[in-house]
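Colleague: I've got the model open. Can you walk me through how to read a few of its features?

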Amino acid sequence: MKNYDVRDIGLAPSGHQKIEWVKNNMPLLSGLEEDFKKEKPFAGLRISLSVHLEAKTAYLCLVLAAGGAQMSVTGSNTLSTQDDVAAALADAGLAVFAYHGATDEEYTKHIEMCLEHKPHIIIDDGGDLVEMLHNKRPDLAEAVMGGCEETTTGVIRLKAMEREGVLKFPMVAVNDAKCKHLFDNRYGTGQSVWDSIMRNTNLIVASKTVVVVGYGWCSRGIAMRASALGAKVIVTEIDPVKAMEAKMDGYDVMKMDQAAPYGDIFVTATGCKHTITVDHMLKMKDRAILANAGHFNVEIDMAGLEAAAVSSKETRANITGYTLENGRMVNVIGEGKLANIAAADGHPAEIMDLSFAVQALSAMYIKENHGKLANKVIDVSDEIDDVISRRRLAAWGIEIDTLTEDQKNYLDSWQL
């Protein structure tokens with residue numbers, strides 16, 4: 001039986017080329033790969049990974065394999081898998097179960113096939129591995145020491161499971177690490193979302209009004225880059241503190257009902273469902289552009305839109321235009337799925353270098369602390385953030401100051 005289910009193993013050369021490119025721009029993972037080759041920290045362990053399956057993720061898989069892990073790999077979105085990259089990993093001997101454009105049934109089967117390797121450690125992006133292990137295949141959870149969660153949406157789901165007391169193993173909230181959310185969510189999402197919108201629409205951003213839904217770290221990056229590109233930015237929020245931050249950062253703040261008629265481009269990034277509804281869309285300008293930067297395709301009410309649309313058609317590659325009952329059209333990028341990866345190449349390599357270094361070291365943390373951790377959501381240690389940030393600065397050739405003993409004593413004392 002083949003240890004992979006990919007489109008075409010003949011695509012591998014192109015995938016290897018992509019992986020080599022990102023490797024040359026990911027100094028943290030490259031350094032960890034050299035360490036892992038010598039130390040083999042994952043020898044004898046099986047790791048199952050479900051993350052957007054493109055070149056940067058593939059390199060993380062190869063780094064973990066270099067550390068001795070037996071890897072089984074699948075994607076975390078039906079449109080984000082790049083077939084040549086999946087083929088390259090299969091060609092390298094990893095167990096790979098993913099291809100671009102899989103049906104929902106095929107995608108679910110790939111998740112299950114990935115887990116049938118009975119992992120000791122899981123690396124998840126959005127919680128699909130965890131969901132399968134807790135609902136459909138709890139028998140496969142017995143060997144799991146713990147895992148790591150990549151994104152905000154997945155951490156939200158894990159914390160809900162922890163509150164209900166149903167989480168079967170510890171999970172490290174990689175998303176909440178300083179070296180992840182402060183950089184990946186803000187700078188990575190900020191750049192990659194606009195890369196997707198610009199390459200897919202071929203339209204100018206300057207002079208347009210952009211409505212950013214939410215003002216978490218991802219949304220801040222999206223708003224910041226939109227403003228830098230010359231757009232007027234409106235932010236919608238439910239959190240009064242974040243709404244104040246958006247206002248003080250220079251953006252207009254209002255309800256979505258109020259913002260809908262003004263926007264030329266709408267971007268969602270909240271982790272919540274139906275932040276843009278059909279009622280909102282009916283108020284939008286003709287040919288408004290909608291893009292989702294949240295993990296799941298529920299932030300824009302796609303089911304409601306498909307039911308309400310009079311007609312739909314492909315208006316450009318990766319864009320579907322839906323004509324509404326009022327005669328206006330809304331254009332949705334990437335089927336309302338994660339636009340920056342379903343319809344582009346995702347975050348820059350240097351950004352994912354930080355996030356995936358956190359993943360690799362967090363997986364080591366799970367292994368080294370097996371039996372000591374409760375079945376809860378675990379914060380990434382300050383030590384891991386410190387190691388990664390210092391390695392990144394060194395790769396840039398940057399040195400920073402350190403406290404003297406006298407300064408340490410001063411900061412530790414309550415007496416002046």
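This is a predicted model: local features need pLDDT of at least 70, side-chain atom pairs count only at pLDDT 80 or more; totals for chains, interfaces and linings use all residues.

Colleague: Which residues of strand β11 are buried on each side?

Modeller: In a regular strand, side chains alternate between the two faces of the sheet. In β11 (residues 265–268), I265 and V267 are buried on one side, F266 and T268 on the other. Buried means under 20% relative accessible area, exposed over 50%, and partly exposed in between, using a 1.4 Å probe and protein chains only. Strands are DSSP runs of E, at least two residues; helices are runs of H or I, at least four, and both are numbered from the N terminus.

Colleague: Which strands pair with β11 in the parallel sense?

Modeller: Pairing takes at least two DSSP bridges between two strands. Strand β8 (residues 209–213) pairs with β11 in the parallel sense over four bridges, and V211 has F266 as its bridge partner. Strand β12 (residues 288–292) also pairs with β11 in the parallel sense over four bridges; there, T268 is partnered with N292.

Colleague: Is L416 buried or exposed?

Modeller: L416 counts as exposed because its relative accessibility is 96%. L416 is found in the segment after α17 (405–412). As for helix α17, D412 is found there, and D412 is exposed at 69% relative accessible area.

Definitions and conventions: Residues are numbered from 1 along each chain as its sequence is written. Side-chain values use heavy atoms; hydrogens and water are left out.
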